[in-house]
Amino acid sequence: MSIDLHTHSTASDGTVPPADLMAAAPAAGVSVIALTDHDSTGGWDEAATALPPGLTLVPGAEISCRYPVPVAGGGTTRVAVHLLALLFDRAEPAFAAARESLRVSRSSRGRRIVGRLQQAGYDVDWARVRALAAGAPVGRPHLARALVEIGAVRDVPEAFVRLLESTGPYYEPKADLDAVHAIEMVRAAGGVPVLAHPFAHRRGPCVDRAAVAVMRDAGLLGIEVDHPDHDPTARADAAAIAGTLGLIGTGSSDYHGTNKPTALGIETTAPAAYHRIVDAAGGARPITAIACRP
Ligand code: AMP
Ligand code: ZN
Ligand code: FE
Ligand code: FE
């Protein structure tokens, strides 16, 4: 039983459609897969309909959040936090409205980044970016692909390094939710909140143990331990915090198709941790296709 609890499809910024992702899971050795597109449940139905026999789908989403961290000399800085929401009720109105507002603001933010690139002479077209997103919430990987198409960069990673990194001149932040508020909303929708890649330092500033404790007190139930962007120290820290705070430690690939080098099922969650997540969920159930006899 190989359990991958964090993947993306074309319903956000992955390159593989939900149905194809489900079809590919068994060959990757995956028997339980969570579909966690950014701020969206748009891939759930296609994935559920396409489940091959024996594969279990855990419906989910990855929510863009920030957590305020005090800075020396006073004030706070808001550190980016990604929150996995698993097995929630997608019809619960407050959380559904919050996801909708995140998706809407991704559009205006993407358009602003395109404007900055155009001012700098890059002939990138907003209509083309929207076409590449094909109805999904717009993310920087869509901008990256548009930049590849016009020959401004060779590939998606180069687009990030040269033009799209959050420290670069063309970057615009996206809208986000306060992490504690998001955790409360996920719980109110019957879902299981799991802190995604908390110590992926390569991506930027990270929260610390005290912040994770506050989030646990607000209802956080899990923390990603094994993630491609976690080095051995990050994994050890996350596992130690999971033990101390009683959080469920998970592992996952954060698969994005060809937008990232990570293979499906490359990191996995232990069955006992998965069962704790299912037991804690009250908003949706895992979906398994049963083989039909002719
Ligand atoms: P956004 O949500 O629009 O800010 O874009 C973030 C997405 O870009 C995430 O899904 C990341 O996986 C992806 N991403 C961030 N940095 C890189 C990078 N250096 N190379 C490829 N993809 C990246
Ligand atoms: Zn992504
Ligand atoms: Fe993430
Ligand atoms: Fe992700």
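Predicted model: local features only at pLDDT ≥ 70, side-chain atom pairs only at ≥ 80, totals over all residues.
Residues are numbered from 1 along each chain as its sequence is written, chains are lettered from A and ligands numbered from 1 in the order in which they are written, and side-chain values use heavy atoms, with hydrogens and water left out.

Helix packing comes first. Two packed helices are described by the angle between their axes and the distance between the axes. Here the axes are lines fitted to C-alpha atoms, for helices over the stretch in contact, and angles run from 0 to 180 degrees between N-to-C directions. Helices (H or I, at least four residues) and strands (E, at least two) are DSSP runs, numbered from the N terminus.

Helix 5 (residues 140-149) and helix 6 (residues 156-164) have axes that come within 9 Å and cross at roughly 100°. Helix 5 is therefore roughly perpendicular to helix 6; angles of 65 to 115 degrees count as roughly perpendicular, under 35 as roughly parallel, over 145 as roughly antiparallel and the rest as oblique. On the side of helix 5 the contact (heavy atoms within 4.5 Å) is made by Arg140, Pro141, Leu143, Ala144, Arg145, Leu147 and Val148. Helix 6 contributes Val156, Ala159, Phe160, Leu163 and Leu164. By class, ten of these residues are nonpolar, none polar and two charged. In this division Ala, Val, Leu, Ile, Met, Phe, Trp, Tyr, Cys and Pro count as nonpolar, Asp, Glu, Lys and Arg as charged, and the others, Gly among them, as polar.

Helix 5 also packs against helix 3, with axes that come within 10 Å and cross at roughly 35°. Arg140, Leu143 and Leu147 of helix 5 meet Arg109, Gly110, Ile113, Val114 and Leu117 of helix 3. The contact of helix 3 with helix 5 comprises five nonpolar residues, one polar and two charged.

Ala179, Val180, Ile183 and Glu184 of helix 7 make the contact with Val214, Met215 and Ala218 of helix 8. Six of the contact residues are nonpolar, none polar and one charged.

The aromatic residues form a second theme. A pair of aromatic rings is described by the distance of the centres and the angle of the planes. Rings of Phe, Tyr and Trp (its six-membered ring) pair if their centres lie within 6.5 Å; planes under 30 degrees apart count as stacked, over 60 as edge-to-face and the rest as tilted. The whole structure holds three aromatic pairs. One of them joins Trp44 and Phe88, whose ring centres are 5.1 Å apart with planes at 55°, so this pair is tilted. Because Trp44 lies in helix 2 (residues 44-49) and Phe88 in the loop between strand 4 (76-86) and helix 3 (93-119), the pair ties together parts that are 44 residues apart in sequence. Trp44 is buried at a relative accessible area of 8%, and Phe88 at 0%; buried means under 20%, exposed over 50% and partly exposed in between (1.4 Å probe, protein chains only). The rings of Phe88 and Phe95 have centres 4.9 Å apart and planes at 70°, so that pair is edge-to-face. Phe95 is buried, as is Phe88, and Trp44, Phe88 and Phe95 form one aromatic cluster.

Some individual residues complete the picture. Leu87 lies in the loop between strand 4 and helix 3. Its phi is near 60°, a positive value in a residue other than glycine, and Leu87 is buried at 0% relative accessibility. Asp254, in the loop between strand 8 (248-251) and helix 10 (271-280), has a positive phi near 55° and is buried at 2%. Leu132 belongs to helix 4 (residues 126-133) and is buried at 14%. Not counting residues up to four places away in sequence, Leu132 touches His142, Arg145, Ala146 and Glu149.
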